[in-house]
Each structure stands twice: as structure tokens, then as C-alpha cells.
Number of protein chains: 2
Amino acid sequence: MTTLAEATPTEARKRIREGKWTKPTSGVSSGFTQANLVVLPKESAFEFLLFCHRNPKACPVLDVTEPGVFAPAAAAPDADLRTDIPGYRIYRNGVLDDERIDIMDLWWDDMVGFLIGCSFTFEQALIRNDIPIRNIEEQCNVPMYITNRRCVQAGKFDGPLVVSMRPMQEKDVVRAVQVTSRFPSVHGSPVHIGNPDSIGIRDLDKPDFGDKVPVKEGEVPVFWACGVTPQAVAMNSRPEIMITHAPGHMFITDLKDEQFSVL
Amino acid sequence: MTTLAEATPTEARKRIREGKWTKPTSGVSSGFTQANLVVLPKESAFEFLLFCHRNPKACPVLDVTEPGVFAPAAAAPDADLRTDIPGYRIYRNGVLDDERIDIMDLWWDDMVGFLIGCSFTFEQALIRNDIPIRNIEEQCNVPMYITNRRCVQAGKFDGPLVVSMRPMQEKDVVRAVQVTSRFPSVHGSPVHIGNPDSIGIRDLDKPDFGDKVPVKEGEVPVFWACGVTPQAVAMNSRPEIMITHAPGHMFITDLKDEQFSVL
């Protein structure tokens, strides 16, 4: 088996847990929702959940574990957040300290895991509506930018909104708003359409994260709130320890993308 | 001024704060969103917020204050949650202990206020779509029932889903689903349509809270998750202290109902 596109989420997580899949998860268990991971000690959990609640477009929470529990009851009750992601990053005092393929020894009694929606879900919905996704066409990461919009603060969690950008033809913009509005749990509708300068982006060719993509003649850049925001903000607050997934190495849930549509 | 229908939210809250309005708030500051209040000490705040997150239809959170802060920054930054509600209830160890018109002496340094969406918002949206609301026609409280559906537990917070019921003509049911689906922040779409027995309700004429309303020939009962759920569940967990609004005596926010629609 060279890809896991047809694997059930349980099968895919088993392969990952056994160390047989350590690559990015794009395309794995097609149709099932993938999620970003943030792990923090309980003392920061209320403030972080509050931050997510106040910034729902950037931080759409899919599941939160009780302190010390590593099975996400709503998203995948038979999973283990300590082993079922192909790559983890450990940040200490806001600095990247280590990369691992499991975090067995770091899931202390008071650790709380947050699963946060990711844009893979709405990208698939756009493709089903014949709106092509440039970063998929180019087989690269989506370009991401730090904006001049500030998130709503919650305690020590504070910082700018990070957005991802997908260029598209003018005729597709209205439909893109409609399609992604149906999925508020995975970033939802765009936060901005058009002029990058209005949200503090000077040069589309110089993304702060990810890869640059070509914007073709007559295309409009469309911007969505990005799941990198909560990680960047948590990092800024310099917690003693914070664990995240490695970029592109997501958690595969048992939930189907279509379950997240509101209408 | 005998009603406050035309008052701005700031004016209405001032009258309430000065003790000049101690009645229920139905119709006050028409078009502005009203909210349920739950106040708990910080030690319970993470688990309660988690409970709300896991049960979003019953517990749609509009705003949460930082510990000790009594101004709800998102919902009404110039308000004071200690004085701006016309009636409060104090529960100690799960038992109603006192009713007050202010809680100045009880908002300790670690108190967290939760504002939770209420059905007034979607009732107005139904009326704008020519779907009449029986409890408004009858000038009584909406009937509410304890169901056999269990909420998703979060720590000590656990209990059954409470629903409100509005009867309507068969021809209006599809439109009622569409209209209320637009408002996920204020309970959203119905949780059940039709046979009360399927969700453990034996007799529509014997609501567990509120008043009974007539269900006319050919009408269908439609059930929505109810904001009484989080209060009932919090009460079951017998916290040392919990403060809520008195029934029907809501908090008037600065937010407009239409701001909560997703499409």
C-alpha cells in the first residue's frame, strides 16, 4: 500500500502509530476530516479554549480532551493523540525544541489536547464545485501571511491573525463564499477578498509560511483565517511546554467532512 | 416610558441598573440579542466552557468574561453583569438560595460570566417569515421538557437535554428548519420534529418548565435545544455557588440579531 487514500481512519491511524507512515497526510483517508493539534497543560487550557471561542474563524475547535485523557471522544474515540500523528513538534518557552514521531513520555496527567479544524475540508468542497485550488495544482503548501488584524485577546493569548490565500477567477468568488460559509467548523467563509494591502500584506510572493503560488492574469486573491494562528499565538505567549503536529502531518478523525456543513 | 422596546441597549441597561425596570425583558430593545447568564468560579470555568462546546445547540456561548471581569467585552463592553439584569438567582450546592436585583457583593475575583444565546432571536426570525409562535400568541412562557437524550459530558457537568416546543402547521416545518439553521449561535436548527415519545416526552400538556400551549389539529410539534439545559446541568453538579438570571429576565447585548446569521 503506497497511499492511504482508501484506508479507513482506524487503519490509517494504525499505520501511523506503527511508524509505517511518517509523511504528510494530504489525501489520506479521503473524505474524512483532518485536524490540527495543540497540546497545553491544564493551567493554560481555559484561556486557550476562550481564545479559540473568541476567534472561531481562525480557531475552529473540533474536539478537546479532558486533562490527561489522550483519546478524543468526539473525533475518534479509539485513537491515541500521543502516537497517531506522523510528526509532532515540541515547543519549550515558545521555541522549537524537538521533533518526534510520538509523545508518549510527554502526555502528563494535566495535558489537554485541542483538535482544530483545517482547510483540507473546505478545499475538497471547492473542488467538488469545480473551483480549482492552486496549491493543490502546484503540489505545494498553501501560502500563509501574517496580517495587520489582531485576534481578540484572551488572557495571555494574543497576536495577529494569520491567513491562507487561494487565487481564483473572478467568476468563482461568489460561489467560493457560499461553499465555504457552509463549513464554519473548518474556518468557514473568507475573511477578505481582493487587495492584499488592506489587511497588511505587502507582497503576495513573500508568504510568511508555506510556499508562494502564481496569481494569474484576472485572478482575485481570496483569504481565509488559518489554523496556524492559534499555534503562532500560543507560541508568542511562551508557555513552558506546548506540543503541536508537524506542518502537514495532521490527525485523521473518524468524522466525515460533510458532517460539518451547516446547510 | 412604559416599555423599553425602542430603547437602545445602553439605555435599557441603565434603567435596569437603576432599579427602574425589574420585569421580564421580552420585547426590550427590539432587534438586539438577549442572553442567558451563568456565573461560576474559575475552578469550574474550563469544564463548563468545555460542556458548552460539546453541546453547542443547547449551550451556544455568545461571550465569556475573564475571571473577575464583569464587563462582557464582545457582547456589551460598557455593561456590568453584576447590575444590568433585572433579576438574578443564587444557587448554593445546587439549591435556589436567594433572588436579587444585583449581585455586587458576589462577583469575587475569580468569578467567570457566561452569556448564552436565547431563543428570542430565532423566534423573531420565524415571525419575519410569517411562521407564528404559539407562546407569543398566547402571551405565556414557551413549554420546556426534559428529554431522554443525554448531553455530552464534560467533567462534572452531565445531564439530559432540555428542549422547548413550538407547534406549527405542516406547511411551515421545512421553512422553520431553514430559517433557524441560519442562527447556530442561538440554538440553531430543531433537534426533533414530530412524535414527542421518540425523545422521551410522554405528555405535551405537562411541560417540565414553562407553560403548556395548545397544539391545534394538523399541527406538528417542533423541538429546539433549550438554554435551560446548561443551568439544569450546572445545578445537578451542585457547585458551591452558581448565579443565573431569573427566568425571562435576560441580559440585553449590543449585538443585533441579524449579526448571528451564517448565511
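How many bridges join strand β1 (residues 32–41) of chain A to β5(A), and in which sense do the two strands run? The first legend gives the answer.

The structure is a predicted model, in which local features need pLDDT of at least 70, side-chain atom pairs count only at pLDDT 80 or more, and totals for chains, interfaces and linings use all residues. Residues are numbered from 1 along each chain as its sequence is written, chains are lettered from A and ligands numbered from 1 in the order in which they are written, and side-chain values use heavy atoms, with hydrogens and water left out.

Figure 1. Strand β1 (residues 32–41) of chain A is joined to β5(A) by 7 bridges, and the two run antiparallel. Strands are DSSP runs of E with at least two residues, helices are runs of H or I with at least four, and both are numbered from the N terminus. Two strands are said to pair if DSSP finds at least two bridges between them. Opposite A:G117 in β5(A) stands A:A35. Strand β2 (residues 61–64) of chain A also pairs with β5(A) in the antiparallel sense, over 3 bridges, and here A:D63 stands opposite A:L115.

**Figure 2. The two faces of β5 in chain A.** In a regular strand the side chains alternate between the two faces of the sheet. On one side of β5(A) are A:M111, A:G113, A:L115 and A:G117, on the other A:V112, A:F114 and A:I116, and all are buried. The word buried means under 20% relative accessible area, exposed means over 50%, and partly exposed lies in between (1.4 Å probe, protein chains only). Because 7 of the 7 residues of β5(A) are buried, this strand is largely enclosed by the rest of the structure.

**Figure 3. The open sheet β6-β7-β9-β8 in chain A.** The sheet has 4 strands in the order β6-β7-β9-β8, with antiparallel pairing. Its edge strands, β6 (144–150) and β8 (192–193) of chain A, each pair on one side only. Strand β7 (residues 160–169) and strand β9 (residues 219–225) of chain A are paired in the antiparallel sense over 7 bridges. A:M165 has A:F223 in β9(A) as its bridge partner.

**Figure 4. The open sheet β6-β7-β9-β8 in chain B.** In chain B, 4 strands form an open sheet in the order β6-β7-β9-β8, with antiparallel pairing. The strands at its edges are β6 (144–150) and β8 (192–193) of chain B, each of which pairs on one side only. Between β6(B) and strand β7 (residues 160–169) of chain B, which run antiparallel, there are 4 bridges. B:M144 has B:S164 in β7(B) as its bridge partner.

Figure 5. Side chains of opposite charge can pair when their charged atoms come close. A salt bridge is counted when a side-chain nitrogen of Lys or Arg is within 4 Å of a carboxyl oxygen of Asp or Glu. Over all chains, the structure holds 40 salt bridges. One of them joins the side chains of A:D172 and A:K171, at 2.9 Å from N to O. A:D172 is buried, with a relative accessible area of 9%, whereas A:K171 is exposed at 61%. A network of salt bridges links A:R13, A:D78 and A:D254.

**Figure 6. Salt bridges between distant parts of chain B.** The side chains of B:K156 and B:E47 meet in a salt bridge of 3.4 Å, N to O. This pair links distant parts of the chain: B:K156 is in the loop between β6 and β7, and B:E47 is in helix α2 (residues 42–54), 109 residues apart. Both are partly exposed, B:K156 at 37% relative accessibility and B:E47 at 22%. In a further salt bridge, the closest N and O atoms of B:R182 and B:E258 are 3.1 Å apart. B:R182 lies in the loop between α5 (173–181) and β8 of chain B and B:E258 in the segment after β11 (251–256), so the pair ties together parts that are 76 residues apart in sequence. B:R182 is partly exposed at 24%, and B:E258 is partly exposed at 39%.

**Figure 7. Residue A:Q178 in helix α5 of chain A.** A:Q178 is placed in helix α5 (residues 173–181) of chain A. With a relative accessible area of 38%, A:Q178 is partly exposed. A:F260 is 82 residues away from A:Q178 along the chain, and their C-alpha atoms are separated by 14 Å.
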